Amino acid sequence: MRARRRTTVLAASLVLALSAVPLAAPAFAASGPASLPALAHTTPAGPDTKALEAAIEGLPDQDATAALVRVGGKGSWRGTAGVRDLRTGAPALENARFRAGSTTKVVTAAIVLRLAAEGRISLDGTVQQYLPGLLTEDFAPITVRQLLNFTSGLRPGAALGDSTEEMYPHRFETLTPEKVVAASVAKGPDPDHAPGERQEYGNIHYTVLGMLIEKITGDSYAHQADVRIFRPLGMRHTTFPDGPDPRVHGPHNRGYDWIDGELVDVTDWNMSDRWAAGDMISTTADLERLLVGVFSGRVVPEPQLNEMFAVPDVPGATMGAPFSPFKLNGRTVWAKTGSRPGYHTVVAATRDLSRTVVYSVNSTDARGDGEAIARRFAFPAFNR
């Protein structure tokens, strides 16, 4: 019943909102400026453009209102489809800014590893050493490396809800990183696993890493990200919100999510509690610069770079710090996803950068089945 209702509601929304405005057709561009779109061309070494075109065809639909896909490496392709705003039916913007969610963790890990390369911290150093007083005496030593690879044993911190529906009424409230961490510490250590024994993905590890960055550098996390990564890589459109500012500044496609059976605009949202774990706003072009810069060693030098891909030797571990490996058509692809209400993001590449993909999808269930979204919009980039 819920699926049928969703389909009916979305169909009605599109008819009412777009009856006077034609839906935007997919715009494809293989190269050149965005103002001169052209059908993507296929080269023997390039991606499967027909599969990529099929992935974004028909937007908006029940699952997404817009999609921005950018493929690079040996052969390139760019695709933009859907609408910027359901109310007006304006076509989706290729250069749109969006909430990049947990792809922020790539930036946080890179800063920490840069500090390690500079000798300012040790990956075997502990939270107790670098942030004295943050944890109670109940906690065993937790290393920086264990924070990076999600094996610290820290329990989830404070939150404004567990689902989009629960969080939506609180979307303009502020929950500081300090309060998030304090709530985690108050729960005490993991009663069943010592640090380093189990991998459990969560924002709490990278929230503490954000605090570590500020303590070691004597500077704000956002400024360190800007001067160490964004500026050197030319990421001119990547920022962090000013504290509790709920807006996405600059050109952007609006995000929507299903809440109690209705499709609701969730673009404006105070994300301050996500901070170093998921507060970044970016573009697909900028995230491609980040991806290439990291994988090529421009951001993090060897041997620290290997930590980003090192899956810890513990039962069930699937992630490095913070990339996860996937086998696609016989090759290993390293990826990081990010999701915030209305926005789902992926950055992925082979280690040799022979193929890269970045997408931002305005998913109507962005915090739901991320694998289904990736299978539709990212996997075709690695068909050949």
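A: In helix H3, the buried residues are Thr104, Lys105, Val106, Val107, Thr108, Ala109, Ala110, Ile111, Val112, Leu113, Leu115 and Ala116. Buried means under 20% relative accessible area, exposed over 50%, and partly exposed in between (1.4 Å probe, protein chains only). Helices (H or I, at least four residues) and strands (E, at least two) are DSSP runs, numbered from the N terminus.

This is a predicted model, in which local features need pLDDT of at least 70, side-chain atom pairs count only at pLDDT 80 or more, and totals for chains, interfaces and linings use all residues. Residues are numbered from 1 along each chain as its sequence is written, and side-chain values use heavy atoms, with hydrogens and water left out. The mean pLDDT (the predictor's confidence in each residue, from 0 to 100) of the protein is 89.

Because 12 of its 14 residues are buried, H3 is largely enclosed by the rest of the structure. Its buried residues pack against helices H5 (144-148), H8 (203-217), H9 (221-233), H10 (275-278) and H11 (284-295), and against strand E9 (331-340). Just after H3, Gly119 has a positive phi of about 80 degrees.

Leaving aside neighbours within four places in sequence, Ile229 is in contact (heavy atoms within 4.5 Å) with residues including Val107, Ala110 and Ile111.
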